[in-house]
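Me: Hi! I'm new to looking at protein models. Could you show me how to read one, feature by feature?

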Amino acid sequence: MQVHLAEHLPKSKRIQLGSYYTPEELVKLVHEFIKPYLENKKKDVILFDSAGGCGAFLFGIKQSDYRIADRDLKACEFLKQHFNQQKVFHTNSLNEINREKYFISPSAFLIMIGNPPYNDTTSEFKNGEKGQNICDKDLYDRDIGVSFLKSYHKLNADVVCVLHPLSYLIKESNFERLHDFKDNYKIIRAEIFSSALFHGTGTSKFPILVALYEKNADGMTFNYIRNFRFNILDSDKTFVLSNFKTTDGYINKYPPRKNDIQKSPIGLYYYSFRDINSLKKNTSFMTKEHPNGIVVTLENFYKYAYLYSLKNLFNPEDAWLYGNLSPLVNIEEVEQNKDLYILYAIKTNKVLREMDNSILKKVIHYYEITLNNIDAVDRIEKEIRDRLDKLIAMEK
Ligand SMILES: C[S@@+](CC[C@H](N)C(=O)[O-])C[C@H]1O[C@@H](n2cnc3c(N)ncnc32)[C@H](O)[C@@H]1O
């Protein structure tokens, strides 16, 4: 069996258990992050990987006391050959959680490490091969990775150093779902890397963190996360959420609710989106009403022309890093250059070109746009690309 590759499992089982074993480079980073706690130990330190797989995080670390658990019987049989059998637990680590279950004394300094499974919407879980999240009631979440974070609080861990998707922290609705974990732990250090580093994961890449948390009675607020400086692995750049301005509050991303106007006065809709990933993946303008159709009007048309431009022309090298963010925007710039985005949309979008001519005329008239041949598509594209490049405000 391989420590860094769950090759003993068929693909379906790998997806179900989230068995994507961690490459050595990332394991080493976790070891580096926890080193100070091992060196300054005042009392008994126990390292615990409760989703241990074949033990990637415990091989190569000199720590006399540890625990390792996994639900996968084969992985546990392997672990028992390489580790002290008393310290290996074949169990569901989200069920009946407490220190006693693992013979950890209440006074021990507990450090949770590892790479628990997660069910990001971009992962292969969505293909209907989802395993069930059977766990203690208070740990339940539709994403098993969130349940794992909550379990560390239930174990009263002193330090948590694990891998998890960046989206758990930077999407406010996800952050709220961390409940007691966010109220009792504070992120201290974090390094972002691409899911591409994992062997056998899906094609759409998303950002993952090696995150170090300490127990802290004040916990973390979303504002703390907004201003937290995340490092980026193998890069001298950093990622600070508050540096990014998004379309939230500026461009509506939802289809009409019950009491809203359902029909577009110009017969135009835009397919709804959650973030940059879904904006890029889904279609754009539509002329028929659709359950996922946002109502486009004459007045807001330029905003959707902007989104359409972003969908096609925002292709940064490190696109995986921004996928979970709402579409980025410089509002002032869009307000001043409505015609640029409208021209691009009108000239390149098939649905717009094929729709009723009188509507297009209305748009052109409303925005006082002059259509002429000088506005070649490549020139417009270049101009927009240059503007979109400036949206990425990374800091050193
Ligand atoms: C992403 S893999 C990580 C394995 C190992 N820590 C590593 O990084 O190489 C996740 C592991 O969690 C295990 N797992 C999934 N759900 C579990 C649960 N409820 N309880 C215990 N282990 C679980 C899977 O069997 C798999 O080995």
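Reply: Gladly! Let's begin with the overall layout: the C-alpha centres of domain 1 and domain 2 lie 40 Å apart. Keep in mind that this is a predicted model. Domain 1 covers 11–243, and domain 2 covers 268–389.

Me: How many residues of each domain are in contact with the other?

Reply: Twelve residues of domain 1 contact five residues of domain 2. On the side of domain 1 that touches domain 2, helix H5 (167–170) and strand E6 (185–194) are the elements giving two or more residues. By type, the residues on that side are six nonpolar, four polar and two charged.

Me: Next, the sheet. In what order do the strands of the open sheet come?

Reply: Nine strands make up this open sheet, in the order E3-E2-E1-E4-E5-E7-E6-E8-E9, and the pairing is mixed. Strand E3 (88–90) and strand E9 (238–240) are at the edges with a single partner strand each, so one side of each has no neighbour in the sheet. On average, neighbouring strands are turned by 20 degrees against each other, direction ignored.

Me: In which sense do E6 and E8 pair?

Reply: E6 pairs with strand E8 (residues 229–232) in the parallel sense, over two bridges.

Me: Which strands does helix H2 touch?

Reply: Helix H2 (residues 24–39) packs on the sheet and touches strand E1 (45–49), strand E4 (109–114), strand E5 (159–165), E6 and strand E7 (207–215). The direction of H2 makes about 160 degrees with that of E5. Helix H3 (residues 73–82) lies across strand E2 (66–70) and E3, at about 160 degrees to E3.

Me: Which residues of helix H12 are buried?

Reply: In H12 (residues 338–348), they are Leu340, Tyr341, Ile342, Leu343, Tyr344 and Ala345. Their cover includes helix H10 (301–313), helix H11 (331–336), helix H13 (350–354), helix H14 (357–366) and helix H15 (377–389).

Me: And what should I know about phi angles?

Reply: The general idea is that most residues other than glycine have a negative phi. Here, Asp234 has a positive phi of about 55 degrees, though it is not a glycine. Asp234 sits in the loop between E8 and E9. Glu368, also not a glycine, has a positive phi of about 50 degrees, and belongs to the loop between H14 and H15.

Me: Why does Asp234 count as exposed?

Reply: Asp234 counts as exposed because it has 8 C-beta neighbours inside 10 Å, and the cut-off for exposed is 12 or fewer. Glu368 is exposed too, with 8 C-beta neighbours inside 10 Å.

Key: Residues numbered from 1 in each chain as written. Predicted model: local features only at pLDDT ≥ 70, side-chain atom pairs only at ≥ 80, totals over all residues. Domains from an automatic or database assignment. Contact = placed C-beta atoms within 7 Å. Helix = DSSP H or I, 4+ residues; strand = E, 2+ residues; numbered from the N terminus. Nonpolar A, V, L, I, M, F, W, Y, C, P; charged D, E, K, R; others polar. Buried ≥ 20, exposed ≤ 12 C-beta atoms within 10 Å, placed from the backbone. Pairing = 2+ DSSP bridges. Axes fitted to C-alpha atoms, helices over the stretch in contact; angles between N-to-C directions.
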